[in-house]
Amino acid sequence: MNHDLFSYLPLFLKAAALTIWLSWLALMIGAVAGGLVALARTSRWLPLRILALIFVEFFRSIPILIVLFFAYFGLPVMFGIDISTFTAATLALALHATATMSEVMRAGIESVGRGQWEAAQSSGMTFGQTMRHVVGPQALRVVLPPSVGVYVTTLKESSLASIIGYVELTKTGLLVRESTGGGFAPLLMLGVLYFLINYGISLAGGVLERRYNVGTKPLLAGGGQ
């Protein structure tokens, strides 16, 4: 890497922060919406389960790039509204994250033995109290490891936002490459930064997983299957 490229390092770091923020926001939206979809998937009402299943399979089957194009080019035509590149990228990534996180959370909810639900109900807990004090803490141990993987995937998918003009890490690298006359060095820096970010996320996820994996006993008596 030449000296001129290192002068762009602050720009790369700013773009990396924007990439982390974009993917984190999409994941948080996906986690909340995915939790609701997961509850719908486990509902006793068949039509709700079917609608949730259609949503999940639809967005898991469509390439993220198509969703991104629809959000940026399709929604303004359909509804006559202006959508920024950031909004379109967030929406597309969040929809994909919602579909994926819903399955992760459904697996976490279903990992809690039915006896735990019955014990909570017999002790007079409401549904909200059961989710917060009984199901949630145990489901978290199942949800956390794949959630880290979903975040890493979402962060890598955020590079596609460069196609619609959002200046995140990949777009910044391409602009720098163009301004420096091409070459391999800007792409190498991109690869290094993506590696450092994603490896850091994986390490942090491992720490959280070990932290929440301590004491895996059922929280209520009668908590087996």
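**Cavity and core**

Modeller: The lining of the largest cavity comprises 6 nonpolar, 1 polar and 1 charged residues. This is a predicted model, in which local features need pLDDT of at least 70 and side-chain atom pairs count only at pLDDT 80 or more, while totals for chains, interfaces and linings use all residues. Residues are numbered from 1 along each chain as its sequence is written, and side-chain values use heavy atoms, without hydrogens and water.

Colleague: Which residues line the largest cavity?
Modeller: They are Ile64, Leu68, Ala89, Leu93, Glu157, Ser158, Leu160 and Ala161. Each counts as lining because it has an atom within 4 Å of a point on a 1 Å grid over the protein atoms alone where a 1.4 Å probe fits but cannot get out.

Colleague: Why is the set of 29 residues called a nonpolar core?
Modeller: Because its members are buried (under 20% relative accessible area, 1.4 Å probe, protein chains only) Ala, Val, Leu, Ile, Met, Phe, Trp, Tyr or Cys residues joined through side-chain atoms within 4.5 Å. Phe12, Met101 and Leu155 are among those touching the most other members. The largest share, 9 residues, comes from α7.

Colleague: How do you know that Phe12 is in contact with Leu169?
Modeller: Contact means heavy atoms within 4.5 Å, and Leu169 is one of the residues meeting that cut-off, as are Val176 and Leu193.

How values were computed: Buried < 20%, exposed > 50% of the residue type's maximum accessible area, 1.4 Å probe, protein only. Helix = DSSP H or I, 4+ residues; strand = E, 2+ residues; numbered from the N terminus. 1 Å grid on protein atoms, 1.4 Å probe; cavity = no way out; pocket = protein on both sides within 12 Å on 5 of 7 lines; lining within 4 Å. Nonpolar A, V, L, I, M, F, W, Y, C, P; charged D, E, K, R; others polar. Lists of a residue's contacts leave out its neighbours within four places in sequence.
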